[in-house]
Every structure is written in C-alpha cells, then in structure tokens.
Amino acid sequence: MASVEAQAHIIVSLATSTPRISLSAEPRHPVLLLTVRARRTAARPLTLCTAGSVLDNGHHARHDGVFLGAFLPLISTSDPKRKIQLHFSGWPNYGSQPNASNNLLERDYLRFETVPGKGEGELSVTHEISLEKLFSHSDLKLENVKVGEKFTVRMSSKKLKSSWGWWSWGSLEGELKGKKFAKWDHPDSHGDIGNLMPGEKMPDVEGMKREGWVFSEPSDDLKVEVAEAEEVVLEFSN
C-alpha cells in the first residue's frame with residue numbers, strides 16, 4: 001500500500017490566457033489572468049484550506065494570495081534588476097477575532113477547496129489582476145515599463161499551501177458535506193494533538209466526531225509540488 005505521503009500529493013501548474021498586457025488599459029480592468037491548476041496523483045480526493053496560498057483568489061473578506069505573496073515579483077527578461085512586486089511588504093494587521101466560530105468553514109476569511117481524485121478532473125483557480133493591482137506595491141511603476149518589455153512570473157514555493165495547513169480526505173460535496181471543520185489536527189497514534197496550544201484544553205475528539213466534526217490531517221503529510229516549466233512569460237504592449 002502507498003504511503004500517506006505518496007497518496008496526499010498535489011501537483012500545481014501556472015498558466016495565463018493573457019500573455020500580452022496593454023499599458024493603456026483602464027486601471028481597474030483585469031489585464032492579467034493567472035490560472036493555477038491543482039491535480040491529484042492518486043484516486044482519492046482531498047480538501048484543503050487555501051487561504052493566502054496560490055489557490056486563494058480572494059473570494060473572502062480578507063486579502064487574497066496575490067496580496068500575501070503567492071507569486072514572486074515579475075522579473076524583466078532583459079534586466080533582472082527590473083521587478084514588479086505584486087505582494088504587500090509585511091503582514092497586514094487584521095486585529096483579533098475573539099468571537100471567531102470554532103467551525104473553520106464559518107470563518108469568512110478562510111477558503112476551502114477540493115482537489116478531485118486522479119482521473120476525475122482538477123481544481124482551477126484564476127487570479128484577475130488589473131494594472132492598478134499589478135503596480136500598487138511595486139517600486140517599478142507603470143510609466144517606467146517599456147512597450148515590448150517581457151517579464152516572467154512564477155509561484156512562490158512558500159505559498160503552495162496555506163499557512164493554516166488544514167486538510168482532510170474527501171470532497172466538500174461528498175463525504176465532507178454538512179460536516180464542521182475543527183481547528184485541531186487529528187490525534188496521532190499516541191493520542192497527542194500536534195497543534196494544541198499551550199494551556200489549551202484537550203478536545204473530546206470522539207464526541208466531536210459523533211457530532212459531525214472533522215479534524216485536520218497533519219499538515220506535513222500533504223505534499224504540494226510545482227509542475228515542470230511553470231514559469232510564465234508576459235509582454236507589455238501599447
């Protein structure tokens with residue numbers, strides 16, 4: 001039987017349907033569409049939290065993966081020192097969430113997606129980026145980009161998964177439908193919960209399971225890798 005590591009494996013790839021970007025487009029009109037596709041290497045589907053990752057395109061109450069560094073700065077093919085930084089430098093302060101639901105599915109700043117099993121399709125997420133968004137955090141500004149200049153864009157290896165690390169076997173529309181997502185990892189073989197905070201009370205795992213709660217599998221057991229040749233080249237035009 002294959003190991004957990006071999007089964008819990010996702011391959012992501014990057015593509016664009018807009019390789020040419022018009023410098024004269026309306027500032028808030030999407031000019032760059034970056035599509036990240038995720039596919040499984042085994043038959044069983046799995047569901048993961050994608051908040052802040054390359055699979056987070058912002059359909060929630062907080063900033064998206066682009067803002068949080070899911071993509072590396074665009075680098076000019078003619079001069080590597082010329083870069084367009086997409087992400088915010090630093091970490092935004094969202095404040096505390098003392099009344100956040102224990103059910104992660106009910107937290108509007110989190111996002112969960114299912115990657116279908118091998119042979120059953122793939123997860124596809126598209127990031128829509130306007131000129132305004134493209135240059136809002138960059139030292140290199142729109143007026144300094146040359147017509148015909150080409151840039152490469154790549155995904156950040158640090159943002160292939162969400163920092164939340166939550167994942168489980170099954171699909172949102174299948175065995176996980178109607179379930180509640182607990183913030184804790186599933187206990188290991190010794191009954192320990194790896195992400196239990198110091199001083200935090202041990203949850204009644206079996207009781208919660210009977211009530212429809214699902215616990216995360218260990219974050220480190222989920223492997224997300226980039227497909228070969230995932231670099232995308234963009235060219236600026238009039």
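Analyst: Phe88 has a relative accessibility of 31%, so it counts as partly exposed; that term covers values between buried, which is under 20% relative accessible area, and exposed, which is over 50% (1.4 Å probe, protein chains only). Phe67, at 12% relative accessibility, counts as buried. The model is predicted: local features need pLDDT of at least 70 and side-chain atom pairs count only at pLDDT 80 or more, while totals for chains, interfaces and linings use all residues. Residues are numbered from 1 along each chain as its sequence is written, and side-chain values use heavy atoms, with hydrogens and water left out.

A search of the whole structure finds nine aromatic pairs. Rings of Phe, Tyr and Trp (its six-membered ring) pair if their centres lie within 6.5 Å; planes under 30 degrees apart count as stacked, over 60 as edge-to-face and the rest as tilted. Phe67 and Phe88 form one of these pairs: their ring centres are 5.1 Å apart and their planes are at 5 degrees, so the pair is stacked. Phe67 lies in the loop between β4 (46-49) and β5, and Phe88 in the loop between β6 (83-84) and β7 (112-115), so the pair ties together parts that are 21 residues apart in sequence. The strands named here are DSSP runs (E, at least two residues), numbered from the N terminus.

A second example is Phe112 with Trp166. The ring centres of Phe112 and Trp166 are 5.6 Å apart and the planes are at 90 degrees, so this pair is edge-to-face. Phe112 lies in strand β7 and Trp166 in the loop between β9 (150-153) and β10 (167-169), so the pair ties together parts that are 54 residues apart in sequence. Phe112 counts as buried at 10% relative accessibility, and Trp166 counts as buried at 3%. Ring pairs also bring in Phe181, which forms a cluster with Phe112 and Trp166.

Strand β5, mentioned above, covers residues 74-76 and includes Ser76. Ser76 is buried, with a relative accessible area of 3%. Leaving aside neighbours within four places in sequence, Ser76 is in contact (heavy atoms within 4.5 Å) with Arg82, Glu149, Lys150 and Phe151. A polar atom of the Ser76 side chain lies 3.4 Å from the backbone nitrogen of Asp79.

Definitions and conventions: Helix = DSSP H or I, 4+ residues; strand = E, 2+ residues; numbered from the N terminus. Polar contact = N/O pair within 3.5 Å; in protein donor to acceptor, adjacent residues only side chain to side chain.
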